[in-house]
Structure formats: structure tokens, C-alpha cells
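Work through the following exercises with the sequence and the structure open beside you. Try each task before you read its solution.

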Amino acid sequence: MSNLIVDVRVEVPGFGVDAAFVAGRGITVLSGPSGSGKSLTLAAIAGTIRPVRGHIRCGDVTFAEPARSVHLRSQDRRVGMVYQHAALFEHKSPLDNVALAVRNVGLAAARVVAAELLERVGVAALATAKTRSLSGGERQRVALARALAGEARVLLLDEPFSSLDAAARQAMRQLVRSLVDERGVIALLVTHDAQDVDALADRVVGYEPGQTVAATE
Amino acid sequence: MTDWFPLWLSLRVSAIATVLAVVFGVALAYLLAKWQSRWTSVVEAVFTLPIVLPPTVLGYYLLTLLGTRSTLGRTWESLFGAPLVFTQSGAVVAATVSALPFVIRAARAAISNVDPRVEQAARVVGMSEWKVARVVTLPLAARGIGAGVALGFARALGDFGATVMLAGNIPGQTQTLPVAVYDAVQAGDEATARTGSLVLGGIAVVVLIFVTQIFARRR
């Protein structure tokens, strides 16, 4: 069984974080105060920022290792990402948002896969709606379907519930839990909400400003 | 009987010039928006020059650069068998150079305004850089680019100075409508000057309304 091994330093102007943890299947919550570097860690795993040293590996695939000049492109990492504000393709339908993330098939086949995923996350009826018109909860469901469409090994969830009301948040938690279990993915969840930790965490990685401090099962 | 040749030529020249300015301008704007270095602002400044230079001065430089005695001009002549200057192709070049800065500036701003997280999301789901540009960035920037294209078209249609310098003022061959209006006034032909001005003014107003609508809908 493959784990995600993170042992890196990531820097942006004026800030840096040292992150070290191992995440297996299930949900690992990255927990800590705002600005402690949790989202920066996710960005390094997604490949949208390059770590300055250390390594990130998933099973036998090295995502990044600056010392060996290894930096796998985001496109080739097979990770899925859900952002706080969904970051959907606003000019495309929910169906095509998901279909564009299905790999290695033509558009027609991709739409079939996308329709099944939208069904699974409970928004099949909105497949051809205007993406701009969706509610916050609906947007996050589409974003979750999109993140899983590429057969992701690693699912990165960057405060995906924080813009939702209590009812939508609860429903989204259950959906994330069941999808992570069903697909056997390695999920990393960044959150400030203690209820998220209680409800979802299989493991917790604690952050202090600029570094990870502890991992608990 | 009104001579419609200058209007027809103007529309044809500015249409071709707009297409060229879009192809070249959007590609350059994309590079300027994505690959920031100390050269970015230099390149952008050079391509903004046609806005600030007096049109006749711009035309003079184009004439120097592309005239029959220049390397570029001779290359053109050996490729196409005829000089570039004082031809309709020369008018297209003058109009393209005049339209380019409007397309580049608008497109660059619109492309920079696209939420980088959405582009990152597109990369993370597996799209190549080319597909991210084609499927995500450019469609999301389309309105801003459209405004720049409309302004560029209007500028190309209205160009006088650079066109006269590079393409000349040959009635029935290179005389565009703005040049024809000037000629008509010089010759005391009130009717032609009035008709030409009305047509050009009308098109300018339509373009302005179009651009205003684009920005109004954005909010």
C-alpha cells in the first residue's frame, strides 16, 4: 500500500514552511492557525509551487525532489484539488467542468463518466445548468466530482467547507467521507473547524507557524 | 455618383489588419501576461509606441524599415515580386501596427485578470499548458480581448498618417476613406467629405457602444 511522504521546505516571499508527515489512505487533517503554511503544503503537493528542498513521494512516484532536480508537472501527478471557493470553470457547464478532468478519452466518453460522477455527488440534475447560478454547496460538489474525475490518487481539500452554511457543511462532510472510503484515496484536508477534525480525521498533522509539529492517529 | 472604393478598401484593409493584430497581439499578450521578466515592460512599451507616436512619425519609421532600400523591404520584394510600400499591403501593415497596441494592452489586462487558481485547477486536472490557454484562460478573457479588438478595428479603420506615409494616396488603389475625406476637403468637394465623415463617424460610434456594452455587462 502506498503512502504520501512529505518532507519539504516550501518558501514564498516573506514566508516559509517546513512540513514533514506521512499520509496513508483515509483522511489526514492538516490543522493549525491561519498562515501556518497548510495551504502552501497542499500547493507543493499539487505541483503549483516548487519546494526549495526535501522531497514529496507518493508510492514509488517522486513528485518533487529539488536536490535531484525532480519536479513532476501538476498534470502528471494524478492529484485532485478542491479549493475554498471551488475555482470552477465558470464558462463551462458543471458537466463539462468534470468532463474536462477525465483523462485519456474523447469528450463524449468523458461526459458519460462526468455524468456518473455528478450523480454520485448528488447534483446530476444540474449537469447542464449555468455554473454561475449554482449555490456554494452545489459548487463544492461539482468541484469534488472534478477533483476525482482524473482517477486521483491524492485528494487535496483546501478548506472546502468554510464557505458553506451548517446544513451544507454537514452534507458535504458525509459525502467526502464516503467518497474517500469508496475510492481508497489519500485525502489531505486543511481546516480550522474543530468539528471537521472530530467528524473526519483519521490522522491529524498539527501546524505551528512555519512548521509541522506533531502527527496523531 | 459617389465613389465607394475608398470605403470598401478601408473595410477590407482594416478587417485584414484586425485579424493579423488579433493573431499576433493575443499571442504576444499571453506571453507578456505569463512570463514576467525585466524585458516584459520593455517589449510592452515598444508595442505601445504606435499609440503615443504622431501617426506620420510612425509612418516615417515604417517607411524607413520597410521601404525599397531597406533589408526587410527588399526581402518582401524578392518574396512577392513587388514592393510593399505604396500598395494595399502597405496599408494593411500600417493599419495592423496602429491596431496592435489596443489589442495587446486589452488582452494582456484581461488575461492577467483571470483567477490564477482556476488556471491551476486546470493544470491539476491534467490539461497541458496549451489546453489551459485554449479552454480556460482565453475564453475567460474573451470579453476584455473583444473590447480591445473593437478599439483596434476602429483605430485601423481611422488611420490616416501612417497609411499615407506607407501606402500613399493613390485614388482607386491605396486611397482609404480617411485619406479620401482629406482629399475631398482639399478639392472643395463638400459632399464627398460629408458622406465619408458620416460613415466613419457612424462606425466609430457603433464600436464605442459595443465596447461600452462589453464593460457594462461585466459588472
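## Exercise 1: A charged patch

On the surface, A:Lys130, A:Arg132, B:Arg143 and B:Arg217 come together in a patch of positive charge. This is a predicted model, in which local features need pLDDT of at least 70 and side-chain atom pairs count only at pLDDT 80 or more, while totals for chains, interfaces and linings use all residues. Residues are numbered from 1 along each chain as its sequence is written, chains are lettered from A and ligands numbered from 1 in the order in which they are written, and side-chain values use heavy atoms, with hydrogens and water left out.

Solution. Begin with the rule for a patch, whose members have over 30% relative accessible area and no salt bridge, like charges being joined within 9 Å and nonpolar side chains (Val, Leu, Ile, Met, Phe, Trp, Tyr) within 5 Å. Lys and Arg count as positive, Asp and Glu as negative, and His and the chain ends are not counted; the place of a charge is NZ of Lys, CZ of Arg, CG of Asp or CD of Glu. Areas come from the Shrake-Rupley method with a 1.4 Å probe, and for residues only the protein chains shown count as cover. Finally, apply the classes: buried means under 20% relative accessible area, exposed over 50%, and partly exposed in between (1.4 Å probe, protein chains only).

## Exercise 2: Salt bridges

Task: say which parts of chain A are tied together by the pair A:Arg173 and A:Asp196, and whether A:Arg173 is buried or exposed.

Solution. Side chains of opposite charge can pair when their charged atoms come close. A salt bridge is a side-chain nitrogen of Lys or Arg within 4 Å of a carboxyl oxygen of Asp or Glu, and the whole structure holds 19 of them over all chains. For A:Arg173 and A:Asp196 the distance from N to O is 2.6 Å, and they form a salt bridge. Because A:Arg173 belongs to helix α5 (residues 166–183) and A:Asp196 to helix α6 (residues 194–200) of chain A, the pair ties together parts that are 23 residues apart in sequence. A:Arg173 is buried at 5% relative accessibility, and A:Asp196 is buried at 3%. Both take part in a network of salt bridges that also links A:Arg169 and A:Asp193.

For comparison, A:Glu65 and A:Arg68 form a salt bridge at 3.1 Å, N to O; here A:Glu65 is buried at 12% relative accessibility, whereas A:Arg68 is exposed at 52%.

## Exercise 3: Positive phi

Task: locate A:Asn104 and A:Glu159, and state whether each is buried or exposed.

Solution. Most residues other than glycine have a negative phi. A:Asn104 has a positive phi, near 65°, and is found in the loop between α2 (94–99) and α3 of chain A; at 74% relative accessibility, A:Asn104 is exposed. A:Glu159 has a positive phi near 50° and sits in the loop between β8 (154–158) and α5 of chain A, but A:Glu159 is buried, with a relative accessible area of 16%.

Conventions:
Helix = DSSP H or I, 4+ residues; strand = E, 2+ residues; numbered from the N terminus.
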